[in-house]
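My entries follow the order in which I looked things up.

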Amino acid sequence: MNLSPSSPRWLYLAIQRRRNRGLNGLYLVVAAFLIVYAILFPGLLSIGGFSKFSQNWFPLALVTMAQALLMLNGGISLAIGPLVSLGAVVAAISMGGPAGAFGGFVAVVVAGLVIGALTGLIVAYMRLPAIIVTLAGSFIITGVALLLLPRPGGYIPDWLSQALAGHQPTAFALLVVILIAWKLFLATPTGIGLYAVGDNPVGAFRSGVPVERIRVVSFAISGLLTALAGLFVAAQTGSGDPVIGTSFTLNSMAGAVLGGVGFLGGKGTMRGAIAGSLLLSVMINVMFFLGFPPVAQYVAQGVIIVGAVAIPVFASRWRKA
Amino acid sequence: MKAASITRILFRNPPLLTLALVALVWIVAGATLRGFGAVGHLRYILELSAIIGIVAAGQTLVILVGGIDLSVGAVITVTAILLPLISPDWDSTGIVGVVVTLAVAAVIGLGNGMGQVYLSVPAIIMTLAMATFLQGLLVLIAGGSAVSVTNEAVIWLGSARPFGVPASIVVWILVAVAVLIIIHRLPFGARLLALGANPLTARLSGVNVNRTTLAVYALAGLFSGVAGLLVLGMNRQGYVGIGDPYLMTSIAAVVLGGTSILGGRGSYAGTIPGAILLVTTTALITVVNASPGWRSIMFGSLILALLLISGREAQR
């Protein structure tokens, strides 16, 4: 194989190395936490334990991807939690209907895409800041979820719960499929445009990137991922709950920022965001396993998030000094 | 003056536009709804606006420097629960408890600033993490039960009406004057606007970025603390979650007042009518007597609609 500095393959690897540079520390921390977790809880290494672990991680990974996707093109969403709840509610009320489980799946996909696209249309074409639009949107989406299902309930077929949240690592397999799909998406003009729009909207516009359309597409995909996370949560719990997703708004942002995705757009990688969500998930699991009361978990989570964001900054300062 | 030029003046001046919206809503609602225009009802709306307005005073300063404070709700809850617990019995006026609680609120705000200055954590993450941290700490301290207030000073704040004006509105006027002076008359205000518009230029022009950031977040904590005392005075009880509704409303009030969420542009003069507009909207939705779901939908849609009028970012 030809690996001279001018070959495309050499360039590709050099770029990937550079994008990974800030993340090596994160990978080490994640690996350390995973090892601690495996020592505390050897069951992790069995298929059943691994399945349970990946099922706890999966919805968080999805919403972190959804948030990172928006942050990469300069947006943000404060409506992630409500949309997870809505996804769960839509799944729980439509799967018992005449269209069955497949109809319910389609309903969740459509709900996620439509709500995401509407948000994107408002942000892109009316030029309102994403943080405010999604803030208002979070009230609207919460209201819709409450209207559809005022109290927890609904129906999820048992075989679906078994298939998604049973003793097989289906969730992990789905995550791998989604990551491959993301890699393929990045190879399309829209995928490259996503980064370009986040990094420099004016420059992207001048280079012929359809800035507005890409914003709408990214919001739509993000809505889809979030609603699917809701479907998964509904399958996990066996029912729908109009407020089940609340904690996901904060955790999605925390995961993305831990993974090195910047708020100003164009900076960061999806693999970093995934690693960030994994770190968060392992942390929560370890605290649970060590018998921290749920309250102390809040305290520890606040401290650890700040610490994990601050440590890379310190590391780079020491390197310079 | 021609109608066209009036609309142009309004759209060039967001605070005036928001004020005009409030006037419009009040006139229409007063003419169509029985009891809306009663002095007692309008005074009640202003009392509720005072709390949001005071929280939003800190939020305005923070947003003007280009940050955001997502811990204001948690700080309100902290003050509402901490004050009854730490007010000493020997102090019959309750002033000691008030001063200590406000100091704690300011220190929490300072902590938000320190995280950003010394650890380089982004504002949104720092304040969110602070909120999470405080939420856990509170349940550990208070054990999840409500605490009643016996502090005389706080009860006075919640119920007194010197010259017929509720004390909370008096406090709001004081805060408003102070914040307007800070932003528009003091060098500190010029520095924070410069910092929000362009941090690099501000630093190169000799603005002490670290000190300005610390001061702004400490002020935001202090104002949330003041609001927390008012909430406690009105409710006579502090419980976990009492401050939650004020987080989103404070941000919405700032943005409805025409302050740019990106920082560097805006004024507290817009936030004042913004807060009144929000409370009026909520009051009107309550009148309609809908289910919680519909109320939430209407509130979100109205914020969105109001934003279309007053919250647009400049064209690229």
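This is a predicted model: local features need pLDDT of at least 70, side-chain atom pairs count only at pLDDT 80 or more; totals for chains, interfaces and linings use all residues.

**Entry 1: a helix in chain B.** Because 13 of its 15 residues are buried, α4(B) is largely enclosed by the rest of the structure.

**Entry 2: chain B as a whole.** I found 14 helices and 2 strands in chain B. Its 316 residues would give a compact globule a radius of gyration near 20 Å, and chain B has 20 Å, which agrees. Along the principal axes, the C-alpha trace spans about 65 × 55 × 40 Å. Buried residues account for 51% of the chain. I also checked contacts in chain B between residues at least 6 apart in sequence: 77% of them join residues at least 24 apart.

**Entry 3: chain A.** I turned to the partner chain. Chain A has 14 helices and 0 strands. Its radius of gyration is 20 Å, close to the 20 Å from the globule rule for 321 residues, so chain A is as compact as a globular protein of that length. The C-alpha atoms fill a box of roughly 60 × 50 × 40 Å along the principal axes. Of the 321 residues, 46% are buried. For contacts between residues at least 6 apart in sequence, 78% join residues at least 24 apart.

**Entry 4: where the chains meet.** I looked up the contact between the chains. It involves 40 residues of chain B and 36 residues of chain A. On the chain B side, the elements giving two or more residues are α5 (95-119), α6 (123-142), α12 (245-256) and α14 (292-310). Which of them gives the largest share? It is α6(B), with 13 residues. I sorted the chain B side by type: 26 residues are nonpolar, 11 polar and 3 charged.

**Entry 5: the core.** The largest nonpolar core has 194 residues. Those with the most contacts inside it are I51(B), I54(B), V55(B), I125(B), F223(B) and A227(B). Leaving aside residues up to four places away in sequence, I125(B) touches M253(A), A254(A), V257(A), I305(A) and V309(A). In soluble globular proteins, nonpolar side chains tend to be buried together.

**Entry 6: helix α12(B).** I repeated the length check here. The 12 residues of α12(B) should span 16 Å at 1.5 Å a residue, and the end C-alpha atoms are 17 Å apart, which agrees. This helix is mostly covered, with 11 of its 12 residues buried. Among the buried ones are Y246(B), M248(B), I251(B) and V255(B). Just after α12(B), G258(B) takes a positive phi of about 90°.

Entry 7: Most residues other than glycine have a negative phi. I noted two that depart from this.

- S120(B) is not a glycine, yet has a positive phi of about 55°. I placed S120(B) in the loop between α5 and α6 of chain B. It counts as partly exposed because it has 15 C-beta neighbours inside 10 Å.
- R236(B) has a positive phi near 65°. It lies in the loop between α11 (209-235) and β2 (237-238) of chain B. With 15 C-beta neighbours inside 10 Å, R236(B) counts as partly exposed.

Technical notes: Residues are numbered from 1 along each chain as its sequence is written. Chains are lettered from A and ligands numbered from 1 in the order in which they are written. A nonpolar core is a set of buried Ala, Val, Leu, Ile, Met, Phe, Trp, Tyr and Cys residues joined through C-beta atoms within 7 Å. A residue is buried if 20 or more other C-beta atoms lie within 10 Å of its own, exposed if 12 or fewer, and partly exposed in between; C-beta atoms are placed from the backbone. Two residues are in contact if their C-beta atoms, placed from the backbone, lie within 7 Å. Helices (H or I, at least four residues) and strands (E, at least two) are DSSP runs, numbered from the N terminus. Ala, Val, Leu, Ile, Met, Phe, Trp, Tyr, Cys and Pro count as nonpolar, Asp, Glu, Lys and Arg as charged, and the others, Gly among them, as polar. The expected span of a helix is 1.5 Å times one less than its number of residues. The radius of gyration is taken over C-alpha atoms; the globule rule is 2.2 Å times the number of residues to the power 0.38.
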